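Subject: Structure for you, with notes

Hello,

Here is the structure I promised to pass on. My notes follow below it.

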Amino acid sequence: MGPLIVNEIIPEGLNLFLAFVIGIGFGFVLESSGFSSSRKLAGMFYGYDTTVLKVFFTAAITAMLGLLFFSLFGWIDLSLVYINPTFMTSAIVGGAIMGAGFILGGYCPGTSFCALSIGKLDALAFIGGLFIGVFIFAEGYPLWETMYKANNMGAPTMNTILGVSRGVFAFLLIIVALAMFVVGEWSEKKFPRDEY
Amino acid sequence: MEQTDRSKRYLNPYVGGVLLGLVLLAANFVSGRGLGASGAIKSAVVSTMETVAPQHVATTKFYTEYSGSHDGGFWHNWLVLEMLGVLVGGFASGAIAGRLKWKVEHSPKITSKRRIIFAVIGGILFGFGSQLGRGCTSGSALSGMAVLSVGGFVSMAFIFGTAFALAYFVRKLWI
Amino acid sequence: MKYIIKLAMVMIPLGLIIAAVPENTTKQYKLTAQEMINEVQTGQQFVHPDAIAAQIVSNDPELQLIDVRSKDEYDKFHLPNAINIPLANLLNPDNADVIDQGIKTNVFYSNGSTRANEVWMITRQLGYKNNYVLLGGLNFWIETISNPEKPRITSPDDEFAKYDFRMGASQALGGGGQVAPAASAPSSGSAIPAVTPKPKKKRAAGGC
């Protein structure tokens with residue numbers, strides 16, 4: 001059955017339409033959860049608002065469990081689902097640069113679009129910056145191409161590295177996520193801010 | 001939760017997280033990949049460059065590699081349509097909750113101008129980093145974690161790790 | 001806090017279940033049983049030996065004969081340019097490029113039709129296209145191509161034409177009217193290009 005488009009169950013046009021619908025869901029949930037506010041997002045890093053942590057990890061474990069159960073029921077062929085390739089060097093360096101961008105700019109790309117949709121002008125500035133950043137990367141590509149393609153590990157998954165089944169890893173991740181939520185709740189009580 | 005201001009009332013984060021997870025699951029089920037945001041920007045940059053400077057594009061490696069792996073153009077790009085949906089969905093949610101307002105959100109300790117400057121700098125860094133890291137928080141970290149990709153976990157750890165590490169030095173921007 | 005407990009009450013049991021059950025690694029069958037019945041009933045997967053012989057003689061590069069018998073049997077005798085994929089090895093990932101592609105026409109054969117047809121049914125249910133079955137298998141091949149029966153003198157002209165063709169084909173293929181000569185017709189293979197594997201089923205392209 002799934003993924004629908006890879007198995008050619010639905011036509012290309014419908015796929016693009018569904019992309020739009022899924023995007024609406026994505027934007028709606030982000031905005032409703034408060035991801036349109038940069039100070040709420042940044043609160044994550046000062047402990048006064050751990051919404052990002054909660055939403056992010058709840059979403060990850062929900063989708064992960066969903067995929068594993070879909071696979072179990074034979075609704076989706078996991079071997080056809082895209083697994084992000086791992087290029088260790090660029091994941092680390094890129095991640096660190098993104099982290100710096102996050103704390104300075106207050107958004108990540110998805111949330112900046114979401115914030116723009118309700119009229120945040122700082123989000124518009126951030127998006128402008130995104131375009132410049134991508135443009136710089138594209139123009140200077142030969143300079144960092146080696147780093148970009150270094151340490152290609154293929155598309156390994158966490159469970160194969162740890163030598164456990166996907167299900168066992170999923171269970172461990174759920175426990176870790178719940179533990180982090182407890183820490184998050186504690187942190188919000190410890191570093192409270194009423195107005196932001 | 002004794003907030004009275006309607007615009008400050010957000011969805012419970014766990015409920016939001018489950019819903020976001022279901023959206024991500026739907027994306028995987030339909031298209032075989034997760035969500036993404038920076039890919040749409042990359043597509044927009046490439047399309048713009050193709051229109052503005054076609055010759056430059058034809059001779060620059062990044063663009064030719066991009067065109068080699070993507071076909072169908074800007075309006076046939078899954079992520080572009082998804083991001084248009086995000087704008088619509090965000091607007092709808094903001095309208096329902098009464099949060100639609102033009103404004104620059106910043107800490108009372110800094111000016112709007114300063115906030116905008118840092119937003120642009122942050123955007124540049126994030127745009128660059130998302131290309132280097134093959135995806136942003138949604139495309140690499142969130143979607144990658146859902147499919148247990150090692151790269152997703154590494155990206156996630158370094159995005160949040162670096163942000164935590166730098167948070168103290170730029171605290172005036174936010175608190 | 002109470003949301004965390006609610007979340008934990010849902011997630012932990014689900015996590016335990018998913019940790020306890022074995023992973024589903026079975027390949028999905030793409031066709032339902034009813035669709036399969038319909039295809040089997042039409043019998044359109046069968047190709048007559050005459051058609052295959054003509055393709056072999058003309059060195060049709062699209063043809064890929066696949067011997068689904070055991071390796072021993074294959075080594076003893078096989079049709080020209082046939083490759084050997086025994087039933088037991090069918091799902092070996094190495095063979096996926098051969099049996100799941102859209103360029104060449106695969107024709108399975110065994111001694112009779114049954115084994116080859118079984119292989120065809122499996123590939124068909126996996127959703128692979130371009131696979132066919134040699135009608136009657138090698139037995140019928142030998143009957144029609146290697147040892148054609150001379151038509152009676154009263155037969156219509158086209159029977160004679162068929163006979164001439166079969167005689168010609170059998171000579172061209174080195175059959176020479178013998179039954180299954182040991183290791184005859186070594187694969188020449190020069191005219192047939194290697195199988196170009198079709199691009200792997202397109203996984204969705206990258207996200208961000």
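How many salt bridges does the structure hold over all chains? The count is 14. A salt bridge here is a side-chain nitrogen of Lys or Arg within 4 Å of a carboxyl oxygen of Asp or Glu.

Before the details, some ground rules. This is a predicted model, where local features need pLDDT of at least 70, side-chain atom pairs count only at pLDDT 80 or more, and totals for chains, interfaces and linings use all residues. Residues are numbered from 1 along each chain as its sequence is written, chains are lettered from A and ligands numbered from 1 in the order in which they are written, and side-chain values use heavy atoms, with hydrogens and water left out.

**Salt bridges**

Start in chain A. A:E145 pairs with A:K149, and their closest N and O atoms are 3.0 Å apart. Both residues sit in helix α7 (residues 141–149) of chain A, 4 residues apart, about one turn of the helix. Helices (H or I, at least four residues) and strands (E, at least two) are DSSP runs, numbered from the N terminus.

Is A:E145 buried or exposed? A:E145 is buried, because its relative accessible area is 14%. The cut-offs are these: buried means under 20% relative accessible area, exposed over 50%, and partly exposed in between (1.4 Å probe, protein chains only). A:K149 has 37% relative accessibility, so this residue counts as partly exposed.

Now chain C. C:D67 and C:R69 form a salt bridge of 2.9 Å, N to O. Both of these residues are buried. Another bridge joins C:D75 and C:K71, at 3.1 Å, N to O. That pair lies in helix α4 (residues 71–76) of chain C, 4 residues apart, about one turn of the helix. C:D75 is partly exposed, at 42% relative accessibility. C:K71 is exposed, at 51%. Elsewhere, salt bridges that share partners link A:E145, A:K149, B:K61 and B:E65 into one network.

**Chain B overall**

Chain B has 8 helices and 0 strands. Its pattern along the sequence is α-α-α-α-α-α-α-α. The C-alpha atoms fill a box of roughly 55 × 40 × 35 Å, taken along the principal axes. Chain B has 175 residues, and 57% of them count as buried.

Look at the contacts next (heavy atoms within 4.5 Å). Among contacts in chain B with a separation of 6 or more, 52% join residues 24 or more positions apart.

The accessible surface of chain B is about 7300 Å², and 67% of that belongs to carbon and sulfur atoms. Accessible areas come from the Shrake-Rupley method with a 1.4 Å probe; for residues, only the protein chains shown count as cover.

Chain B carries 16 positive and 7 negative side chains, and the centres of the two sets lie 12 Å apart. Lys and Arg count as positive and Asp and Glu as negative, while His and the chain ends are not counted. A charge is placed at NZ of Lys, CZ of Arg, CG of Asp or CD of Glu.

**Surface patches**

Which residues gather in a patch of positive charge on the surface? They are A:R193, B:K109, B:R114, B:R171 and B:K172. Patches use residues with over 30% relative accessible area and no salt bridge; like charges are joined within 9 Å, nonpolar side chains (Val, Leu, Ile, Met, Phe, Trp, Tyr) within 5 Å. B:K172 lies in the segment after α8 (150–167) of chain B. B:K172 is exposed, because its relative accessible area is 60%.

There is also a nonpolar patch on the surface. B:V15, B:L19, B:L22 and C:Y3 form this patch, with about 300 Å² of accessible area together. Helix α1 (residues 13–31) of chain B gives the most to the patch, with 3 residues. B:L19 lies in that helix and is partly exposed, at 35%.

**Two residues to look up**

A:S117 is in helix α5 (residues 109–117) of chain A. A:S117 is buried, at 11% relative accessibility. Beyond its neighbours within four places in sequence, A:S117 touches B:L87, B:G90, B:F91 and B:L100.

B:F74 is in the loop between α4 (61–69) and α5 (78–97) of chain B. B:F74 is partly exposed, at 23% relative accessibility. B:F74 and B:S43 are 31 residues apart in sequence, and 6.3 Å apart in space, C-alpha to C-alpha. Leaving aside neighbours within four places in sequence, the contacts of B:F74 include B:A40, B:S43 and B:V80.

Best wishes
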